[in-house]
Amino acid sequence: MTFGYVYILRCSDDSLYTGWCRDLDKRLKTHNSGKGAKYTRARLPVKLVFYEEITDKSQALKEEIRIKKLSKENKEKLVRNFEKNCLMENK
C-alpha cells in the first residue's frame with residue numbers, strides 16, 4: 001500500500017529539489033503555483049524528474065534525507081536511471 005512519494009524536482013535554474021508528499025499531483029501543482037517550498041518559489045517553473053512510492057512516513061523521511069545527502073552528480077544519476085526505466089516501461 002502506498003503511503004506517499006519521495007520526489008525530485010528540476011527547477012528553472014537546473015537545480016534539484018527533494019521532498020516527500022502524500023499526493024504527488026497536488027504537490028507539484030502547489031510548487032508551480034508559488035505556494036510550495038520557499039526554495040522552489042524563486043525557481044519556477046519546476047518539473048517532476050523522479051519519484052518513488054513509499055509505504056510509511058518513517059520510510060519517507062529516511063529516503064528524503066538519504067537523497068538530500070547525495071552529491072548533485074549522484075542525484076543526476078538517480079534521475080537518469082528513473083527516466084530510462086520509465087522509457088523502458090512505456091515500450
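Predicted model: local features only at pLDDT ≥ 70, side-chain atom pairs only at ≥ 80, totals over all residues.
1. Overall architecture. The protein contains 4 helices and 3 strands. Read from the N terminus, these elements follow the order β-β-α-α-β-α-α. The radius of gyration is 13 Å, close to the 12 Å given by the globule rule for 91 residues, so the protein is as compact as a globular protein of that length. Along the principal axes, the C-alpha atoms occupy a box of roughly 30 × 30 × 25 Å.

2. Of the 91 residues in the protein, 35% are buried. Among contacts with a separation of 6 or more, 58% are between residues 24 or more positions apart.

3. The largest nonpolar core. In soluble globular proteins, nonpolar side chains tend to be buried together. Here the largest nonpolar core comprises 11 residues, among them Phe3, Leu16, Ile67 and Phe82. At least two residues of this core come from each of strand E1 (4-10), strand E3 (47-54), helix H3 (57-69) and helix H4 (72-89). The largest share, 3 residues, is supplied by E3. Val79 is one of the core residues; beyond four places in sequence, Val79 touches Ile8, Arg10, Val49 and Phe50.

4. The second core. A separate core of 9 residues is also present, and its members include Leu9, Tyr17, Cys21 and Leu24.

5. Ile54. Which element holds Ile54? This residue lies in strand E3 and belongs to the largest nonpolar core. Its relative accessible area is 0%, which is under the 20% cut-off, so Ile54 counts as buried. Apart from neighbours within four places in sequence, the contacts of Ile54 are Met1, Thr2, Phe3, Gly4, Tyr5, Val6, Trp20, Gln59 and Ala60. Arg80 is 26 residues from Ile54 in sequence, and their C-alpha atoms are 20 Å apart.

6. Glu64. Is Glu64 buried or exposed? Glu64 counts as buried because its relative accessibility of 11% is under 20%. Glu64 is located in helix H3. Not counting residues up to four places away in sequence, Glu64 touches Val6, Thr18, Gly19 and Trp20. Although Glu64 and Val6 are 58 residues apart along the chain, 6.2 Å separates their C-alpha atoms. Val6 and Trp20 are also in contact with Ile54, and Val6 is a member of the largest nonpolar core.

7. Backbone geometry to inspect. Most residues other than glycine have a negative phi, and most peptide bonds are trans. Asp14 has a positive phi of about 75° although it is not a glycine. Asp14 is placed in the loop between E1 and strand E2 (16-21). With a relative accessibility of 40%, which lies between the 20% and 50% limits, Asp14 counts as partly exposed. The peptide bond from Leu44 to Pro45 is cis, with omega near -5°. Pro45 belongs to the loop between helix H2 (38-41) and E3.

Conventions
Residues numbered from 1 in each chain as written. Heavy atoms only, no water. Core = buried A, V, L, I, M, F, W, Y, C linked by side-chain atoms within 4.5 Å. Buried < 20%, exposed > 50% of the residue type's maximum accessible area, 1.4 Å probe, protein only. Contact = heavy atoms within 4.5 Å. Rg over C-alpha atoms; globule rule 2.2 N^0.38 Å.
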